[in-house]
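Here is a short report on a two-chain model.

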Amino acid sequence: MAAPCSNTLTSFQKKTRSKLVSIPGTRPSVQNGQLLVSSGVSSLDYSFFHFIGSLLVMEDRYDSYSRMLLKYFLAEGVVCGHELFLASARDHPDDIIEGQSQPSDPENPGTMKIAWRYQNQPKVQTALASSVRFGHYYDVSKTMEPELRQAAKCHSFYQLQETPVTTGSSPLPSPYHALLKSIQTVIRKEGFDGSTPQSKVRNVLRLGIHSLGSVLWGDDVCCKDNPAHCHALTTFLYILRGLLRTSLSVAMVTVPSHLIQNRAVMGRIIRLSDTAIALESFKGSEETNPLYKDYHGLLHVRQLPRLNCLSCEVPDTKDLAFKLKRKQFTIERLHLPPDLSETVSRVSKTELAAGCGTTAMGNKHLDF
Amino acid sequence: MFPELNSILNSTPDSFKSSDFILVSDRRADASFLIHHHLSFYLRGLDHNVSGQGVSLAQAREKGQLVFLEGLKNSIGVILQEDTSQETQPLSYLRTPGAGLEGLFRFVERSVRQSGDGDAGESWGPPVLLIDDLSVLLSLGVSVGAILDFTLYCQATVCSELQGNMVILVRCEEEDADDDEEGSNLLRRGLVHQCNLALHVEGLPTGYCRDIHGQMEVWWRQGEETIYNQRKIFHFKVHDKGASFFARGTSSAVL
């Protein structure tokens, strides 16, 4: 035990660091101190380094993988103890929540035998993983235990069960207006905008909105070339951004962008989100490119967040693909698999044979 | 504030051209770092006591140097609460996008005329109007014609009448055939016609590069010194503390 050195007492006191509130499931960004949360898919977190504000997911054609991303996002909220808000116009929010996956440990590939010369080489990182573990892994083959799921506070908004309200002078159609009001009410009531006093522990609100812009939301931007409500979706995203900026919340919004014909609208929707990614699934397409045979689809980065800083972090590579293994959904860098066929890097046998003169005919299987 | 950009544009916070309308635009890139430059440039020009690196916006706001209309936060009240009070008049375009931007212009006019009478009788000099970003109004349903009317009124008041400057950011999409009637490209073309100086930011035509983030085209309208419009292209790289600009082909990564 060291003796305390009392001879050098000074009145100097280090100023306590800024009041960075520690909220479960978040961590401050090293770039600008902003709070980041995990999206639920560790390889997605690694690609973008931030999840803050809003993430726009442009759905794949059958909405299978975008829906999965949404479930991961909500599951991560359950595990971190965040509050959830889920809005949907087609499937009932309860069905989406009940389909969440059970958290599990990451798969252990086990040690593999490898030639001793290569043992000390650094492993090629194809699966994107950070050295600092942020976020959890989920086993898609199991649904989340009811006790875990029910421990999370969840608000839902199911468009088909809402009574339409006349919105008076609002430029937004009734479903969008009602959804925004509902989000604002939750933010205010639960104090995510700091309006309630500090009696409660600060928490993050995770908003998930499924298939925004589809006809079930009362919007015709997905079915007409010149929609009557061409500004409804963009106005909605603008107001949503305002709500996210003034509260401790993050949002993941999926949009059936493959149905939107108007490219200008698509560009504006991307600009109004902080991060935007598009999923392109190979299901149902006659894609026979051997490069893609290990994957289920491609992930395109459309926009990276640039909040409170001049420049943004750009990932090393933009060629990303995803695959759904038996238990896990991962995002990887697109790379060529090792070529294990027999004909690789061998001169064609007939060429060799011809070079040896007339006696080569019987020795086709010998390689020189 | 980026010193290299000052030398390109031949201006310093102590001596810059007045009555200037500067248009900052981008296509599939982000030009908001240029707005950042102009904001600290003009604040530094007003207050010579500003030290080294930083310009404090909070202080500027308190002193009355900076009037800030935060459209995003105030718009929530207008749309969701259907607030029709006097304070929300500048954002009346949110309720009725078809009606134009007169409310917003009245707010700008009031603010720039008031800026001459500071608290202690000190005058801050000619006003500067900065808009970030004008193309959001297109997403909210305002027509291109209404926006161009608004900028024309602002130019007449701020630049011609009050000898101040205007800096506007417009973000564009790709040039597209079906974009002709209503779109950010049409808006940009109209604004280029009105402005004195246009800074256009785009990515490199060859694709993404880690060391060169893009190219910036500078276009000067003919003035007293020049008899023809001037156009120059520079490459730039944005980093945490600022941006560096260099002639094409002279990036430090290449040399």
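B:Glu109 and B:Arg113 join their side chains in a salt bridge, at 3.2 Å from N to O. A salt bridge here is a side-chain nitrogen of Lys or Arg within 4 Å of a carboxyl oxygen of Asp or Glu. The two residues are separated by about one helical turn, because they sit four residues apart in helix H6 (residues 102–114) of chain B. Helices (H or I, at least four residues) and strands (E, at least two) are DSSP runs, numbered from the N terminus. B:Glu109 is buried at 17% relative accessibility. B:Arg113 is partly exposed at 36%. Buried means under 20% relative accessible area, exposed over 50%, and partly exposed in between (1.4 Å probe, protein chains only).

This is a predicted model: local features need pLDDT of at least 70, side-chain atom pairs count only at pLDDT 80 or more, and totals for chains, interfaces and linings use all residues. Residues are numbered from 1 along each chain as its sequence is written, chains are lettered from A and ligands numbered from 1 in the order in which they are written, and side-chain values use heavy atoms, with hydrogens and water left out.

**Salt bridges**

Over all chains, the search finds 21 salt bridges. Side chains of opposite charge can pair when their charged atoms come close. The table lists some of the pairs.

| Pair | N to O distance |
|---|---|
| B:Glu109 and B:Arg113 | 3.2 Å |
| B:Glu217 and B:Arg231 | 3.2 Å |
| B:Glu173 and A:Arg271 | 3.6 Å |
| A:Arg90 and A:Asp91 | 3.7 Å |

The side chains of B:Glu217 and B:Arg231 pair in a salt bridge. That pair links distant parts of the chain: B:Glu217 lies in strand S5 (residues 214–220) of chain B and B:Arg231 in strand S6 (residues 230–239) of chain B, 14 residues apart. B:Glu217 is partly exposed, with a relative accessible area of 22%. B:Arg231 is exposed at 52%. In chain A, A:Arg90 is partly exposed at 43% relative accessibility.

A salt-bridge network links A:Arg271, B:Asp26, B:Asp30, B:Arg171 and B:Glu173.

**The contact between the chains**

How many residues does each chain bring to the contact? Chain A brings 33 and chain B brings 39, where contact means heavy atoms within 4.5 Å. The area buried between chain A and chain B is about 3000 Å², and carbon and sulfur atoms give 57% of it. In chain A, A:Tyr238, A:Arg271 and A:Leu310 lose the most area to chain B, together 27% of what that side buries. Buried area is the accessible area (1.4 Å probe) that two parts lose on being put together, summed over both.

Two salt bridges are found across the interface of chain A and chain B. Five residue pairs across it are in polar contact, both residues at pLDDT 80 or more. On the chain A side that touches chain B, the elements giving two or more residues are helix H5 (174–189), H6 and helix H7 (263–271) of chain A. H6(A) gives the most to that side, with eight residues. A polar contact is a pair of N or O atoms within 3.5 Å; within protein, one must be able to donate a hydrogen and the other to accept it, and residues adjacent in sequence count only if both atoms are side-chain atoms.

**Nonpolar cores**

The largest nonpolar core has 82 residues. Helix H6 (residues 232–245) of chain A gives the most to this core, with nine residues. Apart from it lies another core, of 37 residues, among them A:Leu55 and A:Ile96. A nonpolar core is a set of buried Ala, Val, Leu, Ile, Met, Phe, Trp, Tyr and Cys residues joined through side-chain atoms within 4.5 Å. A:Ile209, A:Leu212, A:Phe236 and A:Leu240 have the most contacts inside the largest core. Not counting residues up to four places away in sequence, A:Leu212 touches residues including A:Tyr176, A:Trp217 and A:Pro256.

**Backbone**

Most residues other than glycine have a negative phi, and most peptide bonds are trans. The peptide bond from B:Asp132 to B:Asp133 is cis, with omega near -5 degrees. B:Asp133 lies in the loop between strand S2 (128–131) and helix H7 (136–139) of chain B.

A:Asp63 is not a glycine, yet has a positive phi of about 55 degrees. A:Asp63 is buried at 6% relative accessibility.
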